[in-house]
Amino acid sequence: MTEAAESVEVVPLAESLGAEIRGVDLARVAGAHTMQSIKDALNRYSVLVFRGQHIAQQRQVDFAAQFGPLRTPPIYKYGVEGHHPGLHMVSNVLHNDRQIGLADAGVFWHSDAAYMERPVMYTFLYAVEVPQTDGRSLGDTCFASTAAAYDALTPEMKRRIDGLRAVQSLRHKYEKKIAAGVLKRGELTKEQQEKAPDRSQPMVRTHPVTGRKSLFISEGHTCGIVGIPDIEAKTLLSELCAFSTQPKFVYRHQWKVGDFVLWDNATTLHKATFDYKLPQRRLLYRCTVEGGPVF
Ligand SMILES: [Fe+2]
């Protein structure tokens, strides 16, 4: 029996989040017991790392679909021909002078699609090409636990932000990337803006499965707080962003080819590291699962 043969080992990777899952071959369909072990670990550790995987693109899609409805990105198109439109590439590689994938994903700390009514719940990344220098991997991804950060807030701060709503904005993300000179996906069109207007979301969210509370703001997406003067809101947001991304709340993932990483956007922020450039190539396949409205 495939299911009985797999013994899932969960090895924590950092103080506040992240675990490596050993004993699971994602190329095979996991049994119910294995899937439950993976979901339990995800709820506890927020970021899961599976090393040394060899999976076909369709298998990534099928695995992700076991966590919820696969999401088709409404704004950008870097899909993989012949596959679900939700599977797309994150890459700095050019083909005929055109980007084959998202090349500027994760410049700033963020959780995926926080500005949508139903933000991304889970993100799945599979590393096919990893840039290297002197045998060391480049292009790390950092993850921060917004749940551990919320837990560590003072009672006064928890009372201060309780019930507040922050403005999550795709427009803000584009403006920040343009200001930093790193936008590589074309400017935001009116049509794209209409698909993702600025949206207020709770500053503290409750996890739909575990009930755990976490901070729901980020430097990449959050541009204000409803009912709070702009300067005061920006000061508070900066303070909370810095607080939630302290080293003790962060796991930094150094990629190897064959790594499959899955994370929960309801309890984490993430950010990429741009310390490589062509001819150093980076290629990851990405798909996401949609969550429900945030509460
Ligand atoms: Fe992201």
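Predicted model: local features only at pLDDT ≥ 70, side-chain atom pairs only at ≥ 80, totals over all residues.
User: What makes strand β7 (residues 120–129) count as mostly covered?

Analyst: Of the 10 residues in β7, 8 are buried. Buried here means that 20 or more other C-beta atoms lie within 10 Å of the residue's own; with 12 or fewer a residue is exposed, in between it is partly exposed, and the C-beta atoms are placed from the backbone. Residues are numbered from 1 along each chain as its sequence is written.

User: Which strands does β7 pair with in the antiparallel sense?

Analyst: β7 has β19 (residues 283–290) as an antiparallel partner over 8 bridges, and β17 (residues 260–264) as another over 5 bridges. Two strands pair if DSSP finds at least two bridges between them, so both cases qualify. To find your way around, T123 has T288 of β19 as its bridge partner, and Y126 sits opposite F260 in β17.

User: How many helices and strands are there in the protein, and what counts as one?

Analyst: There are 8 helices and 19 strands.

User: How do you know whether the radius of gyration agrees with that of a compact globule?

Analyst: The rule is 2.2 Å times the number of residues to the power 0.38, with the radius taken over C-alpha atoms. For 295 residues that gives a value near 19 Å, and the protein has 19 Å, so the two agree. The C-alpha trace spans about 60 × 45 × 40 Å along its principal axes, and 38% of the residues count as buried.

User: What is the largest nonpolar core made of?

Analyst: The term covers a set of buried Ala, Val, Leu, Ile, Met, Phe, Trp, Tyr and Cys residues joined through C-beta atoms within 7 Å. The largest such set has 64 residues, and I21, V47, L48, I217 and L262 have the most contacts inside it. β7 supplies the largest share of this core, 7 residues. As general background, nonpolar side chains tend to be buried together in soluble globular proteins.

User: Which residues is I21 in contact with, beyond its neighbours within four places in sequence?

Analyst: V8, V10, I38, A41, L48, V49 and F50. A contact means that two C-beta atoms, placed from the backbone, lie within 7 Å.

User: What makes both faces of strand β3 (residues 47–50) covered?

Analyst: V47 and V49 are buried on one side, and L48 and F50 are buried on the other. In a regular strand, side chains alternate between the two faces of the sheet. β3 runs parallel to β2 (residues 19–22), joined by 2 bridges; E20 stands opposite V49 there.

User: How do you know whether the span of helix α8 (residues 230–244) fits its 15 residues?

Analyst: The expected span is 1.5 Å times one less than the number of residues. For α8 that comes to 21 Å, and the end C-alpha atoms are 21 Å apart, so it fits.

User: Where do the buried residues of α3 pack?

Analyst: Against β7 and β19. In α3 (residues 57–64), Q60, F63 and A64 are buried, and their arc of only 95° puts them on the same side of the helix.

User: D275 has 11 C-beta neighbours inside 10 Å: buried or exposed?

Analyst: Exposed, because 11 falls within the 12-or-fewer limit. The peptide bond from L278 to P279 is cis, with omega near 10°.

User: What is the phi of N96?

Analyst: Near 50°, a positive value in a residue other than glycine. N96 lies in the loop between β5 (94–95) and β6 (98–99), and counts as exposed because it has 5 C-beta neighbours inside 10 Å.

Notes:
Helix = DSSP H or I, 4+ residues; strand = E, 2+ residues; numbered from the N terminus. Arc of directions from axis to C-beta.
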